[in-house]
Amino acid sequence: MVTILEGEGLFNDVTALTLYQVTVYSAVHGSLSLPATLGRLAYSTVLALAAGLGIGWITGQLLDRLPTASARAGLSLLAPFAAYVPAAAAHSSGVLAVLATALYLSHTRAYTDDATSRVTGRAFWGVIELLVICATFGLVGLELTSVIRAVGHQAGRLVGYAALICLIVIVVRVLWLAPLAALTRRRARPRPAGEQVPASWRDSLVLSWAGMRGVVTVATALALPHLTAANTPFPGRDQIIFVAVIVVLVTLIVQGTSLPWLITWLRLRVDPAAESAADRHAATIALDAAEARLRERRHQLDTETADLAAQSFYAALADTFPEDEDVSDTQRIQHHKHVRALEVDLLHAAREAVVDARNHHIIDPDAADRLIHRLDLRSLTTS
C-alpha cells in the first residue's frame, strides 16, 4: 500500500506540476485557450523529457568516472538542478525533466556493485528530504502572516472556499479509487509476484483516505509569480496561498491523525509470515546464484578456500562471519585475501540474480531491496 501511494504521489505530482506550469504561463501572458494550452503542454512535455534523458545520460557518464562515494553523492544533488534549469529556461516542465533524469539513472544504474555509493546515498538523501520538508513548512509560517494581512476581511469567505475544496478532494478521491480498485482486482489471475494491487475494499478505503496534501501543494502556491508579463499583480495570488495552506493543514490534521485509527479499526497489518516468506524467497535466489558461481570457480581454487568463501557468503545473510582459530596468522591473512576476492564475485552474482528476478516480477520488490541492502553492507566489509 505504501508503494502504491508513493508511486501515485510521484506521477500525480509531476502531471499536476506540468499542467500547473502551463496554466501559470498562460495566466502570466494574459491568454488561455484550449488549443494553445494543449500545444504548450505537448511542447513542455516533449522538451522536458528530452532534456531530462540527456542530463541523465551525461550524469551517468560522470558518475562512472568519479572516484569516491562522496563525490558521486554530490553529483546526485546537482543533477536535478542541471535537469531543471535548462528545461525551465526553455519554458518547459523542469519537474518532468528531473523525473526523467531520476528514472533514467535508477533504471540504467540500478544495483550495480557500487555498494558504497548506495549506502552513502540512502543516508544522504534521507537528510536532504527531511531538510527540504522542514524548509518548506518554515516558508509557510513566514508567508502565512503576510498573506493573512493581505486577504484581510476576505479570510472568512476564503475559509469557506477551503472547506469546500477539502470536501471535493476527499470525495473525488474516494469516488475514483473505489471503483478503479474493484476493477483492478477483477483482472485475470495469477498476477506477477510483487504486483501492487489493493487486496480488498479495506485497502481501497485506506488508500482513499491517505490523500493528504502537503509540501507540493504549499510549494506550488508559494511559487506563483508576483507579477504578470504586463507588470500587474498576479490575480488572486494571496488568496490562492491562503486557501492552499488551509487545505494542507486540514487534510494533514484530519486525515493524517485519523489514518492510524482507521487502519487499526479495519484490522489491517503487515503479515509477518508473508514478509518472512518473501525474504526467504529472495535469499534462496541469491544463495542459488552464489552457489552456481562457486561451482564454476571451484576448479580454480583449493577446497579450503572455496569452503571458507562459501561460509563467508552464508554469513552475510546471518550477519556473522566465521573464524577459524586453528589457522596460523600468516595462513589466516592469505586465506582472508582469497576469501574476500571470491566473496566479492559471489555477492556480484547474487545481486545480479535478485535484480533480474525483481525486474521480471518473480520476487517481491521490497524483499529484493531489503536483501540487496544487506548484501551491500556485506560488500563494504569485503572491500
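1. Which helix is L252 found in? L252 sits in helix α9, helices here being DSSP runs (H or I, at least four residues) numbered from the N terminus. This is a predicted model, where local features need pLDDT of at least 70 and side-chain atom pairs count only at pLDDT 80 or more, while totals for chains, interfaces and linings use all residues. Residues are numbered from 1 along each chain as its sequence is written, and side-chain values use heavy atoms, with hydrogens and water left out.

2. L252 is partly exposed, at 35% relative accessible area (buried is under 20%, exposed over 50%, partly exposed in between; 1.4 Å probe, protein chains only). L252 also belongs to a nonpolar surface patch of about 530 Å², along with I133, F137, L249, V250, I253 and V254. Two or more residues each come from α5 (115-151) and α9 (237-265), and α9 gives the most, with five.

3. Now for α4. G94, L96, A97, L99, A100, T101 and L105 are the buried residues of α4. Their cover includes α1 (2-28), α2 (34-63) and α3 (69-89).

4. Have a look at S208 too, in helix α7 (residues 201-209). S208 is buried, with a relative accessible area of 2%. Its side chain reaches the backbone oxygen of S204 at 2.8 Å. Neighbours within four places in sequence aside, S208 is in contact with R173, V174, L177 and Q255 (contact means heavy atoms within 4.5 Å).

Technical notes: Polar contact = N/O pair within 3.5 Å; in protein donor to acceptor, adjacent residues only side chain to side chain. Patch = residues over 30% accessible without salt bridge, like charges linked within 9 Å, V, L, I, M, F, W, Y side chains within 5 Å. Areas by Shrake-Rupley, 256 points an atom, 1.4 Å probe, with all protein chains shown as cover. Salt bridge = Lys/Arg side-chain N within 4 Å of Asp/Glu carboxyl O.
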